[in-house]
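Please keep the sequence and the model open while reading.

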Amino acid sequence: MILCTAQISPCWQNPECTLTSIKNRIAEAVEYDASFISFPEQVITGWDPLDGKNFVQTESDEIVSVLSEYACDFSIGILGSYREKHQPRPRNTAVAIAPDGHLLARYSKMHLFSPGHEDQAYCPGEEIAMFSYEGCRCGIAICYDLRFADLFRIYRDTGADLVMVPSAWPASRMRYFELFATARAAEFQMYVAGINTVGETPVDLYSGGSLIAGPDGAVICRGSEVEELLFSDISPDLVVDIRESFPVHSDRRSEVYQNLP
């Protein structure tokens, strides 16, 4: 599976503009034989933790419909995120779309960024999302979720080879972005792909730094501070090899942990 992480800037509050940019990036990724492309958190509108009213849509509305059209037109898998209509507040949701345009998986951000008051404008998700793509078992997390190892342990135990993490991680805290992405990859022996935003919005300044960490925790590729595409060959066989050669999870003491205070 050739994964492309598309590190791009949003056209602030202008989905039509960003969707045009996305189309151009998809065309470029296909030229480099990518079979799946992932975009940053809410990049189509720009991530805003306080805006739970504008551009709130369902899967049948413009954003997901256009992404599905692009998937069909270019015969590529796509991961995009948007503000999903939900009561009493919307959800910050990512969708994985197959090359024929149908939905592979849906994930709503489980851990909302309370320091930015995202929890006041959105409802948290309560389920993981897994899908298979070209022999690779894929999971989805979103940005702040990187700080919560429990979620990634569940993905590991469910058989994930790769977790994709669309993000809007600000420049001021970038050292934690790489720290958590590589830590999750190493401790759960899986690929972790962090897809980050670039540019300045009314919310914050973003400096890219997208990366893909392998199942040994080593960074395979890392983005700069400008718009660009990163490519990596994701190998489920390597995940199996590392887990078998260094079976750290067989040494876990689950039965003991449950009895500890």
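Which residue just after helix 1 takes a positive phi? Asp33 does, with a phi of about 70 degrees. This is a predicted model, in which local features need pLDDT of at least 70, side-chain atom pairs count only at pLDDT 80 or more, and totals for chains, interfaces and linings use all residues. Residues are numbered from 1 along each chain as its sequence is written, and side-chain values use heavy atoms, with hydrogens and water left out.

Helix 1 covers residues 15–31; helices (H or I, at least four residues) and strands (E, at least two) are DSSP runs, numbered from the N terminus. Pro15, Thr18, Leu19, Ile22, Arg25, Ile26 and Ala29 of helix 1 are buried, meaning under 20% relative accessible area, where exposed is over 50% and partly exposed lies in between (1.4 Å probe, protein chains only). These residues lie on the same side of helix 1 because they cover an arc of only 120 degrees around the axis, taken from the directions from the helix axis to the C-beta atoms. On the other side of helix 1, Asn24 and Glu31 are exposed.

The aromatic pairs number 8. Rings of Phe, Tyr and Trp (its six-membered ring) pair if their centres lie within 6.5 Å; planes under 30 degrees apart count as stacked, over 60 as edge-to-face and the rest as tilted. Phe113 and Tyr144 pair edge-to-face, at 5.0 Å centre to centre and 80 degrees between the planes. Both Phe113 and Tyr144 are buried. Ring pairs join Trp47, Phe113, Tyr144 and Phe148 into a cluster.

Terms used: Expected span 1.5 Å × (residues − 1).
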